[in-house]
Structures are given as C-alpha cells and as structure tokens.
Amino acid sequence: MISVIMLTFNREKYVSNMIEDILGQSCSDFEYIIVNNGSTDGTEELLAEYARLDKRIKVLKTEGAQSIGRGRNLGLRNAEGELIAFVDDDDRAAPDFLEFLVALLRDNDADISMCGASEGNGETRSPQCIFDEKMVLTGEEALRLLLGRKYIRAGMPTKLYRREILERFPFEEGCKNEDIHTQYKYLAASKTVAIHGVDKYYITRHGGNVSGFTSNAEKWDAQTMREYLTAFRNRTEFVKEYAPDTYELALYSEWSFMISMIEKIDRFQLLDCEGVGREIAAVLRKYRYEFLNMPQIKGFERVWVEKYIGF
C-alpha cells in the first residue's frame, strides 16, 4: 500500500537510525526503497545487510553520485505503492509516522497529508512546523499557505502523497534543491490537502546538510541563490496559469524572497553573491512601485526597499 523512498549518500553514521525507525513503524504494510546514491563509505554493505534481514527493503544503486531529483525519480519509478512517503537518511521518524499520515489522508479523502516536525542537532529539539490545528484544504488553499510560508514547507519529508500526484510532475534532475521546483505543483494539482501539525518527524541539522543554508544564512552561495530565483520565477508563472486567483501572492512571495536575499548579502557579507544581488536590485528597481503597493508587503520589507533600492 505504501512506498517509503529514501536517498542516501555517505551517511553510514546516521542512516541506521532512520532505517530502524521505518522498520519499527506501527503499520507494517509498506515497502522501503533505499537509493544508494554512489556512497563510498560503508553504507553499501550496511544496506545489503538490512535488505537481507527484512524483505520490505529494496536497495537501488546509482552510477556515482547523482542529483537528489534523479535519485528520487529512480525510487519513484521502482515503487509499487499507491501512497508515497519520502524520508531523509539523517532524520528520525516517530513510530506512528506512517500510520498517522495514512489515517489523515484516508479520513479526509485527501491527495496529500502532512504532519508537523521539529529539528535539532540530535540532542536538542525545537519546533520547525508544529501547530495544534487540523486543516482540510483545497489544493489552492494549501498553495497559499506555502507561498505565505505558513504551516507548509517545501521539503518532501513529513508528507504522504497519492502516487498519481507525484507522477504528473517528476523531480527536476539538474538542480541541487529539487523540492522548491515541484512542491507547489503537487499542492496546486491536489483536490484536497489534509494537515495536522502534530510532531511526528525530526530533522537533524549538522554540517553536512544539503539545505544547511536554510538555517544558517552564511552558507548561501551564488549558485544556490540563482537556483532559488529561477525556481520562484517559474513558480510565479505556473501559478499565473494554473491558479490565477493566487498569482498576486506568488508574485509578492517572489519579490519578498528577492529583497530578503539582498539584505542577507549585505548583513552577512556574502561576497560570492554580490553579482546576484546587483541583478536582483535591477529587477526590483523596475517593479519598485508595484512591490511597495502590494497589500502583503511587510514594514521591514519597505525599510529594506528604501535602504537597498531607494524610493
């Protein structure tokens, strides 16, 4: 019924924790697809032993290290489940993580269900996306929450998807952060999205996180910033065509991200990103009047526009 997909690369130190968490789930009707993304440490041998001991595990192997999107597409092509969940190899999942998401999805006839999450370094725990409300939304309502950075994050873990939603929009393979290119499409394509922010997933933060820049702004680099700018530009155009009532919010979200990047470049002296900052400033200068008159704009964003773009 369920396919759990996990990509792993040189995480011998962490991966056993997540494997044990998934194998110990309170519901047992699942397959566990683990994509070994070119690991060169002891991960391959570790996975082989787990697969020998539990037939629910299916190990796939890429030729060398590939992008996250390519690895996830490989896992999805080999999945047999009606419902798909993604977990990361250095995180942790509560014993009823899958059971909770399945019940939430089926009780509300949803296309996507989501739980809450906390994060820390393995010893600490702080809320990342935890809230008391249980919400049953249309896809466009959920899209608005993502654009407004409320309750929904772009990351793939913490969510359960009906397979057909994912198959409509394969992961981008030529990028570093695949989720920002697709998550909004999954939401927009859904008839119903069910969310309950109960803490069922733990995100481990450490020096090797691909998405480390999201919690440490000093790790932004020009390539990552350009990828986000491209993804958000494409997102705005997608929303304009498929959810026109939400277009203004998507445009605000794009411009809000842009001015926040200029502020980060200045505050953290991100020398590698200065060229990107000048390009962003040129775009915002062109649309300054429209941005300043958007009903969604925040006071601090007006201050940043005055400081970096001018009135």
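Q: Which is it for α8 and α10, roughly parallel or roughly antiparallel to each other?
A: Helices α8 and α10 are roughly parallel to each other, as angles under 35 degrees count as roughly parallel, over 145 as roughly antiparallel, 65 to 115 as roughly perpendicular and the rest as oblique. Their axes cross at roughly 25° and come within 9 Å, with α10 spanning residues 274-286. Axes are lines fitted to C-alpha atoms, for helices over the stretch in contact, and angles run from 0 to 180 degrees between N-to-C directions.

Q: What kind of model is this?
A: The model is predicted: local features need pLDDT of at least 70 and side-chain atom pairs count only at pLDDT 80 or more, while totals for chains, interfaces and linings use all residues. Residues are numbered from 1 along each chain as its sequence is written, and side-chain values use heavy atoms, with hydrogens and water left out. Helices (H or I, at least four residues) and strands (E, at least two) are DSSP runs, numbered from the N terminus.

Q: Back to the helix pair: which residues in α8 and α10 meet?
A: On the α8 side they are A222, M225, R226 and L229, which meet V276, E279 and I280 in α10. By class, this contact has 5 nonpolar, no polar and 2 charged residues. Ala, Val, Leu, Ile, Met, Phe, Trp, Tyr, Cys and Pro count as nonpolar, Asp, Glu, Lys and Arg as charged, and the others, Gly among them, as polar. Contact means heavy atoms within 4.5 Å.

Q: And α5, which of its residues are buried?
A: In α5 (residues 139-147), the buried residues are G139, A142, L143, L145, L146 and L147. Buried means under 20% relative accessible area, exposed over 50%, and partly exposed in between (1.4 Å probe, protein chains only).

Q: What do those buried residues of α5 pack against?
A: Their partners are β8 (134-138), α7 (183-189), β10 (192-204), α8 (222-242) and α9 (247-267). After α5 comes R149, with a positive phi near 55°.

Q: Which residues touch the most other members of the largest nonpolar core?
A: They are Y186, L187, I195, L284 and F291, in a core of 71 residues. Helix α9 supplies the largest share, 11 residues. A second, separate core has 33 residues, including F30, I34, A85 and F97. A nonpolar core is a set of buried Ala, Val, Leu, Ile, Met, Phe, Trp, Tyr and Cys residues joined through side-chain atoms within 4.5 Å.

Q: What is Y186 in contact with, leaving aside neighbours within four places in sequence?
A: Y186 is in contact with I112, M156, Y161, I165, L166, F169 and F171.

Q: New topic: is E263 buried or exposed?
A: E263, in helix α9, counts as buried because its relative accessibility is 8%. Beyond four places in sequence, E263 touches W304 and Y308.

Q: And D109, buried or exposed?
A: D109 is exposed, as its relative accessible area is 58%. The residue sits in the loop between α4 (97-107) and β6 (112-120). Not counting residues up to four places away in sequence, D109 touches R162 and T192.

Q: What lies 2.6 Å from a polar side-chain atom of T204?
A: That is the backbone oxygen of D90. A polar contact is a pair of N or O atoms within 3.5 Å; within protein, one must be able to donate a hydrogen and the other to accept it, and residues adjacent in sequence count only if both atoms are side-chain atoms. T204 belongs to strand β10 and counts as buried, at 6% relative accessibility.
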